[in-house]
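Subject: Structure handover

Hello,

Here is the structure you will be working with. Please open it next to this email and follow along.

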Amino acid sequence: MSKERTPLVTHIFTADPSAHVFNDKLYIYPSHDLPHDGEDNDNGDEYVMEDYHVLSMDSIDAECVDNGEALNMRDVPWVSNQMWAPDAVYTNGKYYLVFPARDKDGIFRIGVAESESPVGPFKPQENYLEGSFSIDPCVFKDDDGKIYMYNGGLWGGQLQCWKTDKFDPNGTEPAKDEPALEPLCAELKEDMSGLASEVFRIKIVDENGEPLKAGDEDRRYFEGPWMHKYNGLYYFSYSTGTTHYLVYATSTDPKGPFTYRGRIMEPVIGWTTHHSIVEYHGKWYLFYHDCELSGGINHRRTVKFTELKYNEDGTIVTIDPYSHKK
Ligand code: FUB
């Protein structure tokens, strides 16, 4: 029986699912939410994650398996706290887990760990990727073999602290009529040993080619980027954060600029919304999380999936996550 729109696992809280197909099986790389009674704040202190578990499904209808702890914070020399939303990529004959965490100075960086198996255990590199900063890495391997990492997140994710190439702990968002903060991108080396380019900013523009403004909270970038390719077009999708939408923009170039196209999903129960999109056996799926199981506790999230459909013109059909209950 299909697990569509039901929690994939319920024995632990999972969030931020990055789904991939390796060897004809589905692998989901989520964050692991730890239950506690602390308060929520704009710095994201309630997300106290310390390890990763990889989930897998033999088919879209199969039971979802928790393959156990794949990496723990205590084994990563450079990390002090908060191992947040990860992603994974297969390259150089190995599986690589790519994850954000706070370094010893409390600054979010992106690290890499490798394994012979898609479910780990993963062996971390000694240090984070030099030049990396902020959260929410999405690693996209293009058809020509180039590997891109998209990332960045506002507020707790510290993107507002990086308006220059120097970290400013007091950094603030731009004024509402100024261009919004843009997500980050860099090419990665094929063996994942470092960045293969400078970190650059991805432009997201409106239908007139104008950069989205910081006050355009229904459309501007907040966090949780994902990249996929459909019919030769690059789809860059993300969360709008404060307005809780999953939205997308398209381009003919993986480096952008991307033109805003519309909404993928209406808000879920809970503050955060974070997703991935994957093709499996000729259908497309959206993996996402919500807080329905925990009764709306923001840091007790569960991972779900649903089918994603395109219109003939390549636009995505907007999903109401609870339409099946209405
Ligand atoms: O899971 C911690 C943070 O919450 C992620 O990095 C964000 O994308 C949001 O889902």
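Below are the notes on pockets, selected residues, cysteines and backbone.

This is a predicted model, so local features need pLDDT of at least 70, side-chain atom pairs count only at pLDDT 80 or more, and totals for chains, interfaces and linings use all residues. Residues are numbered from 1 along each chain as its sequence is written, and side-chain values use heavy atoms, with hydrogens and water left out.

**Pockets**

Rolling a probe the size of a water molecule over the atoms shows where empty space is left. The search uses a 1 Å grid over the protein atoms alone; a pocket is an open set of points where a 1.4 Å probe fits, with protein on both sides within 12 Å along at least five of seven lines. Lining residues have an atom within 4 Å of a point. Points are joined across faces, edges and corners, and a volume is the space filled by probe spheres set on them.

The largest pocket holds about 480 Å³ of space. Its lining has 21 residues, and His20, Phe140, Lys141, Met227 and Val278 are the closest to its centre. Five strands each supply at least two lining residues: S1 (13-22), S6 (87-91), S10 (138-141), S15 (223-230) and S19 (275-280). Strands here are DSSP runs (E, at least two residues), numbered from the N terminus. By class, this lining has 14 nonpolar, two polar and five charged residues. Nonpolar covers Ala, Val, Leu, Ile, Met, Phe, Trp, Tyr, Cys and Pro; charged covers Asp, Glu, Lys and Arg; the others, Gly among them, are polar.

The second largest pocket holds about 330 Å³. It is lined by 24 residues, with Gly44, Tyr47, Glu223, Trp271 and Thr272 nearest its centre. That lining divides into nine nonpolar, eight polar and seven charged residues.

Start with His228, in strand S15. Is His228 buried or exposed? His228 counts as buried because its relative accessible area is 4% (buried is under 20%, exposed over 50%, partly exposed in between; 1.4 Å probe, protein chains only). Its side chain makes a polar contact of 2.8 Å with the side chain of Tyr310. A polar contact is a pair of N or O atoms within 3.5 Å; within protein, one must be able to donate a hydrogen and the other to accept it, and residues adjacent in sequence count only if both atoms are side-chain atoms. Leaving out residues up to four places away in sequence, His228 touches several others, among them Phe140, Trp284, Tyr310 and Ile316. Contact means heavy atoms within 4.5 Å.

Thr250 lies in strand S17 (residues 246-251). Thr250 is buried too, at 7% relative accessible area. The side chains of Thr250 and Arg261 make a polar contact of 2.8 Å. Beyond four places in sequence, Thr250 touches residues including Leu233, Tyr235, Pro257 and Arg261.

His281 is in the loop between S19 and strand S20 (283-290). With a relative accessible area of 59%, His281 is exposed. Its side chain is joined to that of Asp24 by a polar contact of 2.8 Å. His281 and Cys161 are 120 residues apart along the chain, and their C-alpha atoms are separated by 42 Å.

**Cysteines**

A disulfide is a covalent bond between the sulfur atoms of two cysteines. How many disulfides does a search of the whole structure find? It finds zero, with a cut-off of 2.5 Å between cysteine sulfur atoms. For Cys185, the nearest cysteine sulfur is that of Cys138, 9.2 Å away. Cys185 is buried, at 1% relative accessibility. For Cys291, the nearest is that of Cys64, 18 Å away. Cys291 is also buried, at 0%.

**Backbone**

Most residues other than glycine have a negative phi, and most peptide bonds are trans. Here are the exceptions to check.

- Gly120 and Pro121 are joined by a cis peptide bond, with omega about 5°. Pro121 lies in the loop between strand S8 (108-115) and strand S9 (123-124).
- Gly256 and Pro257 are joined by a cis peptide bond, with omega about 0°. Pro257 lies in the loop between S17 and strand S18 (258-265).
- Asn23 has a positive phi, near 50°. Asn23 sits in the loop between S1 and strand S2 (25-33) and is exposed, at 64%.
- Ser134 has a positive phi of about 70°. Ser134 lies in the loop between S9 and S10 and is buried, at 0%.

Best wishes

Notes. Helix = DSSP H or I, 4+ residues; strand = E, 2+ residues; numbered from the N terminus.
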